[in-house]
Amino acid sequence: MTKSLIIGISSGIGSALAEELNNQGHDIHGTTRAIKSDMLRGENKQLYYCDLKSIPSMDKFINSFSSKNSWDNLIVCPAQMEPIGNFEGTEIDDWLETFNVNFNSQVYLLHKLLKYKSNKLSRVIFFAGGGVNGVTPNYSCYTTSKIAMIKLIELLDYELKDVIFTILGPGWVKTKIHD
């Protein structure tokens with residue numbers, strides 16, 4: 001059975017992918033910041049709490065997952081858009097926190113989770129946001145964090161031959177991040 005680990009499974013793209021992969025018979029594991037009883041249906045699913053703003057929370061998830069699991073597919077979907085506004089007018093602490101959630105924390109998780117990939121060829125999928133190919137006024141943090149991720153995925157795909165790295169730019173998707 002294919003094991004898929006989805007970081008950010010609770011809504012949007014992560015939730016839709018979990019449902020589709022579950023229908024295909026995958027063993028699904030996922031992280032969420034708030035576990036709801038109706039979030040996952042199916043016997044092959046496991047949820048873990050993981051707050052991307054907290055290294056201790058991420059470490060607790062990694063320790064809990066790694067104690068008994070490996071993965072074939074690692075899908076990383078969380079994103080945060082705020083602060084939205086002119087760079088000079090935004091709070092720099094908010095800007096840096098979002099960059100950390102969208103880039104640094106995801107890189108941290110990837111680095112820690114790579115040693116738990118399955119023995120066969122594994123896949124890692126990230127998502128690039130809209131606006132990475134042009135100027136997106138008022139979204140400097142979101143856009144630069146996604147551009148950094150694109151370049152990292154290109155480099156890792158070259159460096160690690162036993163993992164297929166992909167970053168997808170699905171275009172505008174109606175998810176709660178746009179509310």
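Me: Helices (H or I, at least four residues) and strands (E, at least two) are DSSP runs, numbered from the N terminus; with that in hand, in which helix do Trp 95 and Phe 99 lie?

Reply: This is a predicted model, in which local features need pLDDT of at least 70 and side-chain atom pairs count only at pLDDT 80 or more, whereas totals for chains, interfaces and linings use all residues. Residues are numbered from 1 along each chain as its sequence is written, and side-chain values use heavy atoms, with hydrogens and water left out. Trp 95 and Phe 99 both belong to helix H3 (residues 92-113), where four residues, about one turn of the helix, separate them.

Me: How many aromatic pairs does the structure hold, and why is the pair of Trp 95 and Phe 99 classed as it is?

Reply: A pair of aromatic rings is described by the distance of the centres and the angle of the planes. Rings of Phe, Tyr and Trp (its six-membered ring) pair if their centres lie within 6.5 Å, with planes under 30 degrees apart counted as stacked, over 60 as edge-to-face and the rest as tilted. There are six aromatic pairs in this structure. For Trp 95 and Phe 99 the ring centres are 6.0 Å apart and the planes stand at 5 degrees, so the pair is stacked. Phe 99 also pairs with Phe 103, with centres 5.6 Å apart and planes at 50 degrees, so that pair is tilted. Phe 99 and Phe 103 are likewise four residues apart in helix H3, and ring pairs link Phe 87, Trp 95, Phe 99 and Phe 103 into a cluster.

Me: Are Trp 95 and Phe 99 buried or exposed?

Reply: Both Trp 95 and Phe 99 are buried (under 20% relative accessible area, against over 50% for exposed and partly exposed in between, with a 1.4 Å probe and protein chains only), and Phe 103 is buried too.

Me: In what order do the strands form the sheet?

Reply: Two strands pair if DSSP finds at least two bridges between them. Here six strands form an open sheet in the order E3-E2-E1-E4-E5-E6, with parallel pairing. Strand E3 (45-49) and strand E6 (163-168) are the edge strands, each pairing on one side only. Within the sheet, strand E4 (residues 73-76) is joined to strand E5 (residues 122-127) by four bridges, and Val 76 stands opposite Phe 126 in E5.

Me: Which strands does helix H4 touch?

Reply: Contact means heavy atoms within 4.5 Å, and axes are lines fitted to C-alpha atoms, for helices over the stretch in contact, with angles from 0 to 180 degrees between N-to-C directions. Helix H4 (residues 140-159) packs on the sheet and touches E5 and E6, its direction making about 155 degrees with that of E6.
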